[in-house]
Amino acid sequence: MEGVSVRKIKKICFFCGANSGKDVAFVNAAFHLGEVLGKRKIDLVYGGGKLGLMGCVSTAVAQHERQVLGIIPSAFTVNNLVGETCGKEIKVATMQERLVMMMELSDAFIALPGGFGTLEELFQMISWAQLSIHNKPIGVLNINGFFNGLLSFVDHAVKQEFITPRARKILISATTADELVDKLQAFRFESDPALSKLKWSPSSSQKEKLDLTLRL
């Protein structure tokens with residue numbers, strides 16, 4: 001990292017499966033990511049609960065005495081569906097409201113192995129970065145080649161000229177937690193000149209909710 005300016009990352013939001021997956025390597029890597037974030041004094045924002053890989057990362061971060069914030073739709077809290085959140089918890093009405101709050105409260109984003117929900121959250125953040133709604137780094141932790149097919153597809157979309165080479169740079173990948181966090185810290189956002197002129201702002205009601213959250 002010598003000679004490279006490093007952005008200050010205080011809070012990382014992660015997306016991953018509410019299942020543990022078939023390979024024990026996923027669980028081990030999730031715990032290790034939490035340990036890396038804790039040792040680097042980085043706090044955590046996530047979707048709440050303690051199921052699957054979500055519980056592994058959040059537990060490891062909390063064990064290193066870092067702050068953990070779970071943002072969870074109220075529907076998931078009925079009958080303790082996803083388990084108890086590790087740390088503070090904010091309940092929201094919708095999935096979209098949760099994602100907006102995650103974006104506002106985090107400095108970077110990491111996706112671990114997961115299913116459709118994980119992929120939706122990952123690509124939502126990527127598309128919002130492409131539209132200059134935010135300029136925060138986004139990466140995938142490619143455990144045992146889990147994201148190889150996805151990364152190949154994205155590169156294929158670049159070759160077919162559906163994704164620009166500039167936009168492709170938004171998605172970072174690494175095979176270890178330390179390498180990924182280093183890459184996130186070194187990331188420099190390159191906005192599209194046309195899209196960067198768009199003006200985006202949350203509604204007044206969203207602003208009030210975010211202000212309340214930041215005071216917690």
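This report describes the sheet, the aromatic pairs and one arginine of a predicted protein model.

**Overall composition**

The protein chain has 216 residues, of which 45% are buried. Its secondary structure consists of 8 helices and 7 strands. Among contacts between residues at least 6 apart in sequence, 73% join residues at least 24 apart. The accessible surface of the chain is about 11500 Å², and carbon and sulfur atoms account for 54% of that area.

**The sheet**

The sheet is open and contains 7 strands. Their order across the sheet is E4-E3-E2-E1-E5-E6-E7, and the pairing is parallel. The edges are formed by strand E4 (88-92) and strand E7 (171-174); each has a single partner strand, so one side of each is left without a neighbour in the sheet. From one strand to the next, the twist averages 25°.

One pairing can be followed at the level of residues. Strand E6 (residues 138-141) runs parallel to E7, and 4 bridges join the two. Within this pairing, Gly-139 stands opposite Ile-172 in E7.

A helix also packs on the sheet, namely H3 (residues 95-105). Helix H3 touches strand E1 (11-15), strand E2 (43-46), strand E3 (68-73), E4 and strand E5 (108-111). The direction of H3 makes about 155° with that of E3.

**Aromatic pairs**

A pair of aromatic rings is described by the distance of the centres and the angle of the planes. The model holds 4 aromatic pairs, and two of them are set out below.

| Pair | Centre to centre | Angle between planes | Arrangement |
|---|---|---|---|
| Phe-15 and Phe-109 | 6.1 Å | 10° | stacked |
| Phe-26 and Phe-146 | 5.7 Å | 80° | edge-to-face |

Why does the pair of Phe-15 and Phe-109 tie together parts that are apart in sequence? Phe-15 lies in strand E1 and Phe-109 in strand E5, so the pair joins parts that are 94 residues apart in sequence. Residues under 20% relative accessible area count as buried. Phe-15, at 2% relative accessibility, is therefore buried. Phe-109 is likewise buried, with a relative accessible area of 1%.

The pair of Phe-26 and Phe-146 is edge-to-face because the planes of the two rings stand at 80°. This pair, too, links distant parts of the chain: Phe-26 belongs to helix H1 (residues 24-39), whereas Phe-146 is in the loop between E6 and helix H5 (148-159), 120 residues apart. Phe-26 counts as buried at 12% relative accessibility, while Phe-146 is partly exposed, with a relative accessible area of 37%. Phe-26 and Phe-146 form one aromatic cluster together with Phe-147.

**Arg-168**

Arg-168 is placed in helix H6 (residues 165-168). Is Arg-168 buried or exposed? Its relative accessibility is 18%, so Arg-168 counts as buried. The side chain of Arg-168 reaches the backbone oxygen of Leu-171 at 3.1 Å; Leu-171 itself falls within the range of edge strand E7 (171-174). Apart from its neighbours within four places in sequence, Arg-168 is in contact with Leu-151, Val-154, Asp-155, Val-158 and Ile-163.

Notes. Residues numbered from 1 in each chain as written. Predicted model: local features only at pLDDT ≥ 70, side-chain atom pairs only at ≥ 80, totals over all residues. Heavy atoms only, no water. Pairing = 2+ DSSP bridges. Axes fitted to C-alpha atoms, helices over the stretch in contact; angles between N-to-C directions. Contact = heavy atoms within 4.5 Å. Phe/Tyr/Trp six-rings, centres within 6.5 Å; stacked < 30°, edge-to-face > 60°. Buried < 20%, exposed > 50% of the residue type's maximum accessible area, 1.4 Å probe, protein only. Areas by Shrake-Rupley, 256 points an atom, 1.4 Å probe, with all protein chains shown as cover. Polar contact = N/O pair within 3.5 Å; in protein donor to acceptor, adjacent residues only side chain to side chain.
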